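Please consult the sequence and structure shown here.

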Amino acid sequence: MNDEQASGENDEKSWFNKLTHLFQNGPQSRTDLLQLLREAQKNELIDEDALSIFEGAIKVADMQARDIMIPRSQMAVIKSDAPLSEILPILVESSHSRFPVVGEDKNELLGLLLAKDLLPLLMNTCNDNFDLKSLLRPAQIVPESKRLNVLLREFRENRSHMVIVIDEYGDVAGLVTIEDVLEEIVGEIEDEYDTDEDNFIRKISARDYIIKALTPIDDFNEELGTHLSDDECGTIGGLVTRKLGHMPQRNEEVTVGSCRFKILKADNRRVHLISLQLINED
């Protein structure tokens with residue numbers, strides 16, 4: 001037996017001993033468990049994706065609803081007295097499937113509207129007696145302190161996809177979807193707006209594009225033939241944020257030169273995706 005083979009067998013024995021110890025005595029802390037999992041990945045017993053999911057699941061156990069909720073100011077809501085003609089554009093622009101329905105303000109939560117519940121009405125040319133309240137589903141309410149691992153179990157048990165988060169005073173603080181929780185475990189779940197990992201600019205039509213917020217302005221100008229200044233910020237997301245003067249929210253728009261930008265995806269920390277429409281300057 002040569003030295004390389006002996007070394008490989010010793011590594012396998014070392015890993016086997018640690019694994020045996022894990023099942024006999026159990027890890028003493030999460031740090032021990034994470035270390036063991038990372039060694040398993042190093043020894044190619046699990047791959048990097050599996051390790052990432054394990055780490056995400058462990059992390060979620062320490063997180064609360066307040067840590068990932070979409071804040072109230074960024075919630076797409078529907079007012080209970082809104083006519084159908086006002087509701088449909090909100091559904092189309094936001095691309096969501098569930099909407100909190102409120103009364104006088106966002107603290108007066110009446111229930112949830114599922115977009116699919118409006119489909120039968122679209123076949124009816126006469127909706128003079130449209131009653132939004134008759135379509136509402138009960139809204140599940142949780143406190144800001146709700147732990148995400150518990151919330152995920154309740155999502156599964158209740159077959160629900162969205163909860164409304166309230167603060168200590170009983171006011172609406174935000175909302176959390178099942179996708180928000182899952183993304184903390186498995187990473188960001190791509191949707192129809194997402195671009196490839198290495199592709200910062202995706203062409204939709206001759207004048208329409210999807211842009212990652214982290215796109216460098218220099219690269220943006222070079223690819224699209226524009227002349228945006230990068231004197232005060234280096235990325236498109238930074239430029240849009242500076243022009244708006246505040247942390248952008250979904251569906252906000254701003255025009256810079258020949259570029260009309262619209263926020264497609266953002267959270268309370270940063271912008272993720274932006275749509276671009278090239279327009280003719282006056």
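Is Arg 137 buried, partly exposed or exposed? Arg 137 counts as partly exposed because its relative accessibility is 35%, where buried means under 20% relative accessible area, exposed over 50%, and partly exposed in between (1.4 Å probe, protein chains only). Its salt-bridge partner is Asp 117, which is buried at 17%.

The model is predicted: local features need pLDDT of at least 70, side-chain atom pairs count only at pLDDT 80 or more, and totals for chains, interfaces and linings use all residues. Residues are numbered from 1 along each chain as its sequence is written, and side-chain values use heavy atoms, with hydrogens and water left out.

The whole structure contains 7 salt bridges, each defined as a side-chain nitrogen of Lys or Arg within 4 Å of a carboxyl oxygen of Asp or Glu. Three of them are included below.

| Pair | N to O distance |
|---|---|
| Glu 55 and Arg 38 | 2.9 Å |
| Glu 184 and Lys 59 | 3.3 Å |
| Arg 137 and Asp 117 | 3.1 Å |

Glu 184 belongs to helix H8 and Lys 59 to helix H3, so this pair ties together parts 125 residues apart in sequence. Helices (H or I, at least four residues) and strands (E, at least two) are DSSP runs, numbered from the N terminus. Glu 184 is partly exposed at 23% relative accessibility, and Lys 59 is partly exposed at 40%.

Helix H8 spans residues 178-186 and also holds Leu 182, a partly exposed residue at 32%. Overall, the protein has 10 helices and 12 strands, and 39% of its 282 residues count as buried.
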